[in-house]
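Biologist: I would like to go through this chain feature by feature. Please give me the general idea before the particular case.

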Amino acid sequence: MSVKKPPVVKGNTAKGIARFGGNRAAALVPQARLAGPMPWVIAIMVALTVIAAAGGMALTNLARGAQGELSGAVTVQILAAQPQEKVRQADLAEKALAELPQVTGLRIVPQSELDELLEPWLGKSSSGDLAVPIPALIDVQLRSSASEEQLSALHAALASVAPDARVDAQSGWLQPVFGAIEALQWLALALVAMLAAISATAVWLAARSALGSNRDTIEIVHLLGGTDGQIARIFQRSIGFDAVAGGAVGLAIGMLAISLLGSRFAALGSGLMASGGLRPIDWLAIAAIPFIGVAIAMLTARLTVLAALRRML
């Protein structure tokens, strides 16, 4: 059997009830700031969202910086077995590459530098040399990205003077790394979306619980002429205060975690890691996360209350 909505009270009583969206109406709902679980739930969600978003943006900057640095980088390896032949072909290859218009810079990597880099893995023989012979390396920087056409042109220029030369784009070696970084970026985005959904669900549950515990009071407000919009604003404002408090705490926790992680990665001293730092626009996006969380919480609370009130009466 359907229940009809009570008639709206007219006259002075209705005029007094018209202000239920203010402080008098707010007193109808318990306002236990930071005493209930909701502010702390929001704080945890905001902190995790800040960390996930910062990680995703740092990975984006890292991939962009690495691709920019390595897009025109090429390595030429001289694979001759005899040391004298290897040195001869390396010198001729350097001269041939220097004459090409698409080459902006090149450098033969010193043998001592290669030995120092590979010694922890290959070791040294009794004579003091590396136990395994290694090719001569030439670092080449091109004006544009190292495409297949560019690599073919370099190989053609070296074919006659250095037949044992092998040309490789440095970015090609890191394609698996870039693929893994892209996967981690999508994971960070999925985590942010999931945390936003969890926060909205927590607000929905809290609003439903508050409505259930204040059902009798809400019915009295309706009898006195209060509207659904006025009642929804009461819960919306209450959730908003909790979201602001929780968002501030969550942002502080997230920023502290980001600072600690950033200092650990900075201590590695790697140039590749340096390109993964956060830019000013990234920090602005991170600072906006609590505001977005407050907006989601208030909108969820309002829609939840209005939907429940329509079914209640």
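Biologist: Which residues does L158 touch, not counting residues up to four places away in sequence?

Modeller: This is a predicted model. In it, L158 touches V76, A93, A96, L97, P163, A165 and V167, with residues up to four places away in sequence left out.

Biologist: Which residues of the largest nonpolar core touch the most other members?

Modeller: In soluble globular proteins, nonpolar side chains tend to be buried together. Here the largest nonpolar core has 22 residues, and V74, V76, I78, L97, V140, L154 and L158 touch the most other members. Two or more residues each come from β1 (73-78), β3 (136-142) and β4 (165-169), and likewise from the helices α4 (83-98) and α6 (148-158). Another core, of 17 residues, lies apart from it and includes I258, I286, V294 and A301.

Biologist: Why does Q236 count as buried?

Modeller: Buried means under 20% relative accessible area. Q236 counts as buried because its relative accessibility is 17%. The residue sits in helix α10 (residues 228-266). Not counting residues up to four places away in sequence, Q236 touches M298, A301 and R302. With R302 there is also a side-chain to side-chain polar contact, at 3.2 Å.

Biologist: Which residues does the UniProt annotation "transmembrane region" cover?

Modeller: Such annotations may be inferred rather than shown by experiment. The unreviewed UniProt entry gives residues 40-59, 183-207, 243-263 and 283-309. In the model, residues 40-59 are 100% helix and 0% strand, with end C-alpha atoms 29 Å apart. Residues 243-263 are also 100% helix and 0% strand, and their end C-alpha atoms are 30 Å apart.

Note on methods: Residues numbered from 1 in each chain as written. Predicted model: local features only at pLDDT ≥ 70, side-chain atom pairs only at ≥ 80, totals over all residues. Heavy atoms only, no water. Helix = DSSP H or I, 4+ residues; strand = E, 2+ residues; numbered from the N terminus. Buried < 20%, exposed > 50% of the residue type's maximum accessible area, 1.4 Å probe, protein only. Polar contact = N/O pair within 3.5 Å; in protein donor to acceptor, adjacent residues only side chain to side chain. Contact = heavy atoms within 4.5 Å. Core = buried A, V, L, I, M, F, W, Y, C linked by side-chain atoms within 4.5 Å.
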